Amino acid sequence: MNTDTLSSLKCNLPPGYEKRIAREIGCSVGTVHNIMNGKHCSRSGYKEKVIAVALRLAEENRQAWLQNEKAMGSFK
């Protein structure tokens with residue numbers, strides 16, 4: 001995943017995503033930070049896991065945003 005794609009992904013993640021991902025897959029926040037900023041070590045076995053969880057969190061965040069937009073629309 002290139003830096004532009006990672007930047008787009010990060011824009012769609014909820015606050016505190018680094019801690020959530022690290023806790024979920026069992027690595028350090030620093031490892032998540034490095035992977036999400038394109039500074040990962042090629043030896044890291046966490047890259048695929050971090051990206052998979054980040055994609056899931058981004059989708060969950062998007063769905064929550066859409067539900068909020070729908071709910072706010074009902075107040076108009």
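1. At 42% relative accessibility, Arg 62 counts as partly exposed, a class that lies between buried (under 20% relative accessible area) and exposed (over 50%), as computed with a 1.4 Å probe on protein chains only. Salt bridges that share partners join Glu 24, Arg 56 and Glu 60 into one network.

2. The model is predicted, and local features therefore need pLDDT of at least 70 while side-chain atom pairs count only at pLDDT 80 or more, although totals for chains, interfaces and linings use all residues. Residues are numbered from 1 along each chain as its sequence is written, and side-chain values use heavy atoms, with hydrogens and water left out.

3. A salt bridge is taken here as a side-chain nitrogen of Lys or Arg within 4 Å of a carboxyl oxygen of Asp or Glu, and by this rule the count comes to three. In one of them the side chains of Glu 24 and Arg 56 meet, with an N to O distance of 2.7 Å. This pair links distant parts of the chain, since Glu 24 belongs to helix H2 (residues 17–25) and Arg 56 to helix H4 (residues 47–73), 32 residues apart. Helices are DSSP runs of H or I with at least four residues, numbered from the N terminus. Glu 24 is partly exposed at 43% relative accessibility, and Arg 56 is likewise partly exposed, at 34%.

4. Arg 56 also meets Glu 60 in a salt bridge, at 3.1 Å from N to O. These two residues are four apart in helix H4, which means that about one helical turn separates them. Glu 60 has a relative accessibility of 40% and counts as partly exposed.

5. Glu 59 forms a salt bridge with Arg 62, and the closest N and O atoms of this pair are 3.1 Å apart. Because Glu 59 and Arg 62 are three residues apart in helix H4, they too are separated by about one helical turn. An α-helix has 3.6 residues a turn, so residues three or four places apart point the same way. Glu 59 is partly exposed, with a relative accessible area of 36%.

6. Helix H4 has 27 residues and reaches 39 Å from its first C-alpha to its last, close to the expected 39 Å, where the expected span is 1.5 Å times one less than the number of residues. The buried residues in H4 are Val 50, Ile 51, Val 53, Ala 54, Leu 57 and Ala 58. The buried residues of H4 pack against helix H1 (3–11), H2 and helix H3 (29–36), contact being heavy atoms within 4.5 Å.
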